[in-house]
Amino acid sequence: MNICILEDNKATAESVFKMALNSCHRLDIPAPSISCFTSPEKFLIWFRENTGSNIDVCFLDIYLKNDIDGLFIAKIMKAKNYHTLLVFMTSYDHYYTQMVQLEPFRFLPKPFQYEDFHKIFLDVYQRITLENTENKCMYSFKNNGITYSVNLNDVLYISSYKRKIFLYTSKNDTPNFYGKMDQVEREVRELTDKFMRISKSYLVNTDFVESNGKNSIQIRGVSYNISPKYKIQKNAKQH
């Protein structure tokens, strides 16, 4: 489990760090990897230089005593990996509407005791364990030297244009990287059999296909042509 803590009060940050270790010991699970920060500026430097998409859960203070607040941090984290669980730690109720829009996993009102923390930590652990057992089909790729991961179950289709690969997801984001479609197809098929090649430039997730025609398929109301070369493959998939 990869945990991140961002809390500008040093004593509180250290307390959350110790609580996380105690909860792991109490649940008899391996000690997590914990990255703890009291400065949002230092967090952002670390986040951009490291693989921020690998964070499983972040315990995040909303009210940080500078120009960078926790809501801004949360938006950046969700943009990198929307699977990251956010646990907001705050005593300010007027942030509630903004926090809900970022789809937090839990709220941890301040001040809190260890038992309050442990109940939420248990929920976090159960959610992460559940997701790991649901065959998330995480596909990894590099962009500008940084490794990213995308859940193939959320990908509507994969397309290529010139030398770039685009992954169109159900979350309305489009991660992209440089690569070759043939290589991507081989890598994807090692993870799941849900994807079907319909042309030189398109690999589609059959879970999202709304209708199958002789020469085209439809995803979310948009039609995509099936090239003659790939019609045999499509028909074989249906049997």
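1. Tyr 202 is partly exposed, with 28% relative accessible area. Please keep in mind that this is a predicted model.

2. Tyr 202 and Tyr 224 make a tilted aromatic pair, with 5.6 Å from centre to centre and 45 degrees between the planes. Tyr 202 belongs to strand 12 (residues 202-205) and Tyr 224 to strand 15, so the pair ties together parts that are 22 residues apart in sequence. Both tyrosines also belong to one aromatic cluster, together with Tyr 157, Phe 166 and Tyr 168.

3. Strand 15 brings us to the sheet. Three strands form an open sheet in the order 13-14-15, with antiparallel pairing. Strand 13 (209-212) and strand 15 (222-225) are the edge strands, each pairing on one side only. From one strand to the next, the twist averages 30 degrees.

4. Within that sheet, strand 13 and strand 14 (residues 216-219) run antiparallel and are joined by three bridges. Val 209 stands opposite Ile 219 of strand 14.

5. Phe 37 counts as buried at 12% relative accessibility, whereas Trp 46, at 22%, counts as partly exposed.

6. Two charge-over-ring contacts deserve a look. The charged end of Lys 80 sits over the ring of Phe 47, 4.6 Å from its centre. Likewise, the charged end of Arg 106 sits over the ring of Phe 105, 4.2 Å from its centre.

Terms used: Residues numbered from 1 in each chain as written. Predicted model: local features only at pLDDT ≥ 70, side-chain atom pairs only at ≥ 80, totals over all residues. Heavy atoms only, no water. Pairing = 2+ DSSP bridges. Helix = DSSP H or I, 4+ residues; strand = E, 2+ residues; numbered from the N terminus. Axes fitted to C-alpha atoms, helices over the stretch in contact; angles between N-to-C directions. Buried < 20%, exposed > 50% of the residue type's maximum accessible area, 1.4 Å probe, protein only. Phe/Tyr/Trp six-rings, centres within 6.5 Å; stacked < 30°, edge-to-face > 60°. Lys NZ or Arg CZ within 6 Å of the ring centre and 35° of its normal.
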